[in-house]
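Let's take a walk through this model together. We'll start with a pair of helices and then move on to some aromatic rings.

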Amino acid sequence: MGCGVSVEETRNHEIETQLQQWDQEMHREFKLLLLGTGESGKSTLVKQMKILFLNGYTEEELRKFKPVIFNNCVSSMRTLCAACLHMRIPVAPGHEEAVTTFATDPALQNFSDPIPPEMAAQIKTLWADPGIRACFARSAEFQLLDCAQYYIENVDRLASADYVPTQDDVLRCRVKTTGIHELTFKDGNFTYRMVDVGGQRNERRKWLHCFQDVTAVLYVVALSEYDLRLYENDETNRMAESLRLFKEVSGLPWFRNSQIILFLNKRDTFEEKITHVPLTAGFPEYTGHNTFAEASEYIKTQFMNMDSSKKHIFTHIVCATDTKIVKQLFNDVKEIIISNAAHTTGGA
């Protein structure tokens, strides 16, 4: 009888221990580290997590983005006008003064005030000017925000007295990420800590502080930047920089046990651009067709060839400003992370 009780107690203890282990695993925290070069769209993914898992933005929070949005809109037209003058592209008669004012007025350099109706009208007029549009078509030759067209074409709404930014407006606004930013959210029984760091060269020295206990590295690449140059170095191709950095990141010893997931972002911009800007603008050796499918597969292959980890790299093509696509993407990422966690802890 005593022996029987002892076996039963031992078995109960084993079951209790297993249940505690499962309970700990079911409530564990996953650290997701966003890496990539500047302008790749990392911060947009963080905003999407807030929308999807933290009830989005309150009206008060949305209003706080107004100065940044106003700045993005006005500075985009300022950049276009300055480039127009620099490249000596003629504009329609009567528009020369407005172009010069936008390009040279110091008051517009860091503009973040509400956009007056007369300025909005000027922006609309200039945007319709063939010279400005010709300049926009050559934007690979200078540094222009991705959101330029979106905000300029919505300038009437932005300039309205009762303007409150939409979530789409917030997703598209651009603020240079400096330092380290974290967002913690729950999905089911799991907690996720997403870490976003600045991608420009002078920010990367801070990355080392984030390398501990990383569950997955989410490496973000802007597909559409194959013909663009770095903000911090106008001689270096952005895609070439991203490839070089991916090779470096994938081989770091800190990530030996971390999943590496490659996000090929800005699908929408790439799909439009590849129809009129050949991939040879960034990959002179490319001999394939300039179609979305073939060109994106070629870029994906270049990154796979740069992988220093020799582990399986999961790849997703995404448009970070599309909430539905990002939700599906996160579900896929979650499966990868949980499956790998179960495997590494012996829970499978």
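Helices here are DSSP runs of H or I with at least four residues, and strands are runs of E with at least two, numbered from the N terminus. This is a predicted model, so local features need pLDDT of at least 70 and side-chain atom pairs 80 or more, while totals for chains, interfaces and linings use all residues. Residues count from 1 along each chain as its sequence is written, and side-chain values use heavy atoms, leaving out hydrogens and water.

Who touches whom (heavy atoms within 4.5 Å)? From α4 come C73, V74, M77, L80 and C81, and from α6 come M119, I123, L126 and W127.

Now for the rings: the structure holds 19 aromatic pairs. Rings of Phe, Tyr and Trp (its six-membered ring) pair if their centres lie within 6.5 Å, and planes under 30 degrees apart are stacked, over 60 edge-to-face, the rest tilted. Y192 and F330 make an edge-to-face pair, 5.1 Å centre to centre with 75 degrees between the planes. Y192 sits in strand β3 (residues 190-197) and F330 in helix α14 (residues 323-344), 138 residues apart. Together with F30, F53, F185 and F190, they form one aromatic cluster.

Technical notes: Contact = heavy atoms within 4.5 Å.
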